[in-house]
Amino acid sequence: MPQKLSGEARDRAFARLRGWSNVEGRDAIHKKFVFADFNAAFGFMTRAALIAEKMDHHPEWSNVYKTVEVTLSTHDAGGLTELDVKLAEAMDKLAS
């Protein structure tokens, strides 16, 4: 099972991410992705879903038209882990 990040390890991992914020009241991170249209947003979600499935690590997310909101936290570990950071980095790469 992945280990929850804390202290300096969490700070270093979070520093690698751009545009992600801490979720108030939870050990989780969040980002809003805005695309040109629904097709682009849905395409992003489809590609991200394939990566998440391969990682066996699934996001909390929602889609409204061209906006995809993502929250990442590892439920089994009770908070943010390296899995969340790696999935966040993969999503950022897909969105760029």
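The legends below describe close-up views of one predicted model.

The model is predicted, so local features are given only at pLDDT of at least 70 and side-chain atom pairs only at pLDDT 80 or more, while totals for chains, interfaces and linings use all residues. Residues are numbered from 1 along each chain as its sequence is written, and side-chain values use heavy atoms, with hydrogens and water left out.

View 1. Helices (H or I, at least four residues) and strands (E, at least two) are DSSP runs, numbered from the N terminus. Along the sequence they follow the pattern α-β-β-α-β-β-α. The radius of gyration, taken over C-alpha atoms, is compared with a globule rule of 2.2 Å times the number of residues to the power 0.38. It is 13 Å for this chain, close to the 12 Å that the rule gives for 96 residues, so the chain is as compact as a globular protein of that length. The C-alpha atoms fill a box of roughly 40 × 25 × 20 Å along the principal axes. Contact means heavy atoms within 4.5 Å. Of the contacts with a separation of 6 or more, 62% join residues 24 or more positions apart.

**View 2. Helix H2 (residues 38-55) and the elements it packs against.** The expected span of a helix is 1.5 Å times one less than its number of residues. Buried means under 20% relative accessible area, exposed over 50% and partly exposed in between (1.4 Å probe, protein chains only). In H2, Ala41, Gly43, Phe44, Met45, Ala48 and Ala52 are buried. The buried residues of H2 pack against E2, strand E3 (60-64), strand E4 (67-72) and helix H3 (82-95). At the start of H2, a side-chain oxygen of aspartate 37 comes within 3.3 Å of the backbone nitrogen of asparagine 39.

**View 3. The largest nonpolar core, with 20 residues.** Such a core is a set of buried Ala, Val, Leu, Ile, Met, Phe, Trp, Tyr and Cys residues joined through side-chain atoms within 4.5 Å. Trp20, Phe33, Val68 and Met91 have the most contacts inside this core. E2, H2, E4 and H3 each supply at least two of its residues, and H2 gives the most, with 5 residues. Leaving aside neighbours within four places in sequence, methionine 91 is in contact with Trp20, Phe33, Phe44, Ala48, Pro59, Trp61 and Val70.

**View 4. Aspartate 27 in the loop between strand E1 (21-22) and strand E2 (29-34).** Aspartate 27 is buried, with a relative accessible area of 19%. Its side chain reaches the backbone nitrogen of leucine 80 at 3.2 Å. Not counting residues up to four places away in sequence, aspartate 27 touches Lys4, Leu5, Arg10, Ser73, Gly78, Gly79 and Leu80.

**View 5. Threonine 67 in strand E4.** The C-alpha atoms of threonine 67 and phenylalanine 33 are separated by 5.7 Å, although the two lie 34 residues apart along the chain. Beyond neighbours within four places in sequence, threonine 67 is in contact with Lys32, Phe33, Val34 and Ser62.

**View 6. Aspartate 56 and tyrosine 65, each with a positive phi.** Aspartate 56 lies in the loop between H2 and E3, with phi near 55 degrees. Aspartate 56 is exposed, with a relative accessible area of 60%. Tyrosine 65 is found in the loop between E3 and E4 and has a phi of about 50 degrees although it is not a glycine. Tyrosine 65 is exposed, with a relative accessible area of 52%.

Note on methods. A polar contact is a pair of N or O atoms within 3.5 Å; within protein, one must be able to donate a hydrogen and the other to accept it, and residues adjacent in sequence count only if both atoms are side-chain atoms.
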